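User: I would like to learn how to read the main features of a structure like this one. Please take them one at a time.

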Amino acid sequence: MEALREVEAELTVYVHPSNAADVPRAVSRQLSGLLFSYEERFDGVLLAHEAQLVDKDNKENATKEKDKKEAKIVEETEAKSNKKPQILKAKILNGLVPFFGVCVHANLLLFSPQPGMLLEGKVEMLGKESIHAVVLGVFSVAIMSDDIHEKFRFKRKSHGGRFLSRSDREHFIKRGTMIRFSVKSVDTEMNCHITGSLIPPHTGSMRWLSVHDAEYASEISRKSMDTSIKREQNEQEHRILKNEDSMECLLDSLRKLSKQ
């Protein structure tokens, strides 16, 4: 989906001293508190995260070896013996509650819809004046009558009604239909409430588009092909590793026989 993006972030997470015994867990808990809420600093809604604590000394070595960007951390701690394991160091903040700041390198999955994007959602409710849907089962979408293409007419039925295309009776939208729509605006104060539109081309019922819209059909085919290629690559890597393990076992057996 176009609105989903993966980003790397350099964060400073403030941890209470009572959680010093398990800092990774405390950091994860802090980040999990931001899940499914809009964060201006990320310009999106946080859906998932994977965080790694960063130490300045290790950061410098990793940068030289892997040529990879990592976060900077301000450190203040007593010198430790070289024989002891290196521990993460963090700055203690002055104040009534001495939280300590830990630098974190995080991989984040964000939902960041922007006007003009084409998104997919499931219709939850509809009427003559509007269509209401959800994206990813979480984010609400409202498509008002002014943003529904004139080719659709509303036909009321006992189960709630449907929007039926005037040009093709096979193209309809009812409760439960997966639709493709254009993002008209996003209200971040309402946790990314989306106002959508079914007027632009390549929008409507996804089932109908997959057959009658060449551009959408080719996009689906391309995604399917990419998925198949990735699956084949994974299977090939698995076979290679399996063959290597089998060869290693065979060599071990031959070595044992030669020693006898």
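User: What does the protein chain average in pLDDT?

Analyst: This is a predicted model. The protein chain averages a pLDDT of 79, and 70% of the residues score at least 70. Over residues 61-88 the pLDDT is below 50, although this stretch has 39 contacts in the model beyond near neighbours in sequence.

User: How many disulfides does the structure hold?

Analyst: A disulfide is a covalent bond between the sulfur atoms of two cysteines. This structure holds zero of them. Cysteine 103 counts as buried because its relative accessibility is 3%, under the 20% cut-off. Cysteine 192 is also buried, with a relative accessible area of 1%.

User: Which residues have the most contacts inside the largest nonpolar core?

Analyst: They are Phe111, Ile131 and Phe181, in a core of 25 residues. At least two residues of this core come from each of the strands E3 (44-53), E6 (118-127), E7 (130-135), E8 (139-144), E9 (152-155) and E12 (178-187). There is also a second, separate core of 17 residues, including Val23, Phe100, Val104 and Leu108.

User: Which residues of helix H1 are buried?

Analyst: In an α-helix there are 3.6 residues a turn, so residues three or four places apart point the same way. In H1 (residues 23-32), Val23, Ala26, Val27 and Leu31 are buried. They cover an arc of only 135° around the axis, so they are on the same side of H1.

User: What do the buried residues of H1 pack against?

Analyst: They pack against strand E1 (4-15), E3 and strand E5 (100-111).

Methods:
Residues are numbered from 1 along each chain as its sequence is written. This is a predicted model: local features need pLDDT of at least 70, side-chain atom pairs count only at pLDDT 80 or more; totals for chains, interfaces and linings use all residues. Side-chain values use heavy atoms; hydrogens and water are left out. pLDDT is the predictor's confidence in each residue, from 0 to 100. Contact means heavy atoms within 4.5 Å. A disulfide is a pair of cysteine sulfur atoms within 2.5 Å. Buried means under 20% relative accessible area, exposed over 50%, partly exposed in between (1.4 Å probe, protein chains only). A nonpolar core is a set of buried Ala, Val, Leu, Ile, Met, Phe, Trp, Tyr and Cys residues joined through side-chain atoms within 4.5 Å. Helices (H or I, at least four residues) and strands (E, at least two) are DSSP runs, numbered from the N terminus. The arc is that of the directions from the helix axis to the C-beta atoms.
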